[in-house]
Amino acid sequence: MGEWLKDKNAVVTGAGRGVGKEIALALAAEGVKVVLNDLGAAVNGTGNSKEPANEVVEEIKRRGGVAIANFENVADFAAAERIIKSCVENFGSLDILVNVAGNLRDRMIWNMTEEEWDSVIAVHLKGTFNTCRHACVLMREQKSGRIINTTSAGWLGVTGHANYVAAKGGIVSLTRAIAWEMARFGVTCNAFSPGAATRMTMTEDMKESMKKRLELGAITQKTYDNFVKMPGPEGAAAIVLYLATDQATNINGEVFSCRTGKIARYSSPVEVKGIYKEGIWTLEELMELFPDTLGAGL
């Protein structure tokens, strides 16, 4: 056990399996008391079970750590408040919030149903807002805290996941907004994008989709091999631990990618090229100028 996070208290959502589980285990190993929140649902968000969260709690206890299980649904605003309050009621305060809970309802945009859209947005984006909103009330009062949200490389755009992509892009923007609003209270908010083989990334549909893309020539053999050989979620924990420390006090509103052996920081969105004139642009002017200026290389 190190000294960087000793005696801190944390909530980790989606902590029953995959990336959330590894983060919860890593925090507990550093002396953090952890509320493990997990609804215990299937990958598509249906059903519930107490078993995943309870198993991780028992594992932490066997290793000498302190943890309790919570089975609330992050997509429910009132339930999210209970998740946050459970940390204070059991451990005395909330120092760290890590949002990992998620689900998948993959579909091409022309086939996606309203329910499939709403389900993914509700868990990923609204769920992240819900816990952040309630955590920020406490962290603002105590003038300290670390919020770490989960995005995905999918926020850059991938095929067949419009709901997931929109949610993960929204989480990046939400993270930046919270960072701006909470910085003056000593609270930071950052996001990380894990690359890991989990039940969400290695679904049968995803495996079949990647195989078909390879056969059609839409992806290279190297891309397919990298997918098949994707490492497990263990490599996602280190950057989360670091962002939770007091040493990371000046890191705010940033997005990191992480996988076994690699951690990288994304650039912030910036304007890369522009054209200027006095007054309003006309369509005729853009028809003439756009291809060799803003459109060059597209």
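Is Lys143 buried or exposed? Lys143 is exposed, with a relative accessible area of 56%. Here exposed means over 50% relative accessible area, buried under 20%, and partly exposed in between, with a 1.4 Å probe and protein chains only.

This is a predicted model, in which local features need pLDDT of at least 70, side-chain atom pairs count only at pLDDT 80 or more, and totals for chains, interfaces and linings use all residues. Residues are numbered from 1 along each chain as its sequence is written, and side-chain values use heavy atoms, with hydrogens and water left out.

## Helix pairs

Helices (H or I, at least four residues) and strands (E, at least two) are DSSP runs, numbered from the N terminus. Two packed helices are described by the angle between their axes and the distance between the axes. Axes are lines fitted to C-alpha atoms, for helices over the stretch in contact; angles run from 0 to 180 degrees between N-to-C directions.

| Pair | Axes come within | Crossing angle |
|---|---|---|
| H3 (residues 77-91) and H4 (residues 114-142) | 8 Å | roughly 45 degrees |
| H4 and H5 (residues 162-182) | 8 Å | roughly 15 degrees |
| H1 (residues 18-29) and H2 (residues 51-62) | 10 Å | roughly 25 degrees |

Angles under 35 degrees count as roughly parallel, over 145 as roughly antiparallel, 65 to 115 as roughly perpendicular and the rest as oblique. Contact means heavy atoms within 4.5 Å. For residue classes, Ala, Val, Leu, Ile, Met, Phe, Trp, Tyr, Cys and Pro count as nonpolar, Asp, Glu, Lys and Arg as charged, and the others, Gly among them, as polar.

Take H3 and H4. With axes crossing at roughly 45 degrees, H3 and H4 are oblique to each other. Their crossing is right-handed. From H3, the contact uses Phe77, Ala80, Glu81, Ile84 and Val88; from H4, it uses Phe129, Asn130, Thr131, Arg133, His134, Ala135 and Leu138. The residues of this H3 with H4 contact comprise seven nonpolar, three polar and two charged.

H4 also packs on H5. The axes cross at roughly 15 degrees, and H4 is roughly parallel to H5. This crossing is right-handed. On the H4 side, the contact residues include Trp117, Ile121, Leu125, Phe129, Cys132 and Met139; on the H5 side, they include Tyr164, Ala167, Gly170, Ile171, Leu174 and Ile178. The H4 with H5 contact has 16 nonpolar, four polar and three charged residues.

H1 and H2 form another pair. Their axes cross at roughly 25 degrees, and the two helices are roughly parallel to each other. H1 passes H2 in a right-handed crossing. Lys21, Ala24, Leu25 and Ala28 of H1 meet Val56, Glu59 and Ile60 of H2. Five of the residues in the H1 with H2 contact are nonpolar, none polar and two charged.

Asn130 lies in helix H4. It is buried, with a relative accessible area of 0%. Its side chain reaches the backbone oxygen of Val74 at 2.8 Å. A polar contact is a pair of N or O atoms within 3.5 Å; within protein, one must be able to donate a hydrogen and the other to accept it, and residues adjacent in sequence count only if both atoms are side-chain atoms. Leaving aside neighbours within four places in sequence, Asn130 touches Val74, Ala75, Asp76, Phe77 and Ala80.

Thr151 sits in the loop between S5 and H5. Thr151 is buried too, with a relative accessible area of 1%. The Thr151 side chain reaches the backbone oxygen of Lys168 at 3.1 Å. Beyond neighbours within four places in sequence, its contacts include Lys168, Val172, Phe192 and Val255.

## An enclosed helix

Six of the eight residues of helix H8 (residues 237-244) are buried, so H8 is largely enclosed by the rest of the structure. The buried residues are Ala237, Ile239, Val240, Leu241, Leu243 and Ala244. They pack against H1, S4 (96-99), S5, S6 (187-194), S7 (255-259) and S8 (262-265).

## Exposed sites

Lys143 is in the loop between H4 and strand S5 (145-150). Its phi is positive, about 60 degrees, although Lys143 is not a glycine. Asp7, in the segment before strand S1 (9-13), has a positive phi near 75 degrees. Asp7 is exposed at 52% relative accessibility.

Ile109 lies in the loop between S4 and H4. Ile109 is exposed at 55% relative accessibility. Ile109 and Gly160 are 51 residues apart in sequence, and their C-alpha atoms are 6.9 Å apart in space.

Technical notes. Left-handed = near helix turned anticlockwise from the far one by under 90°.
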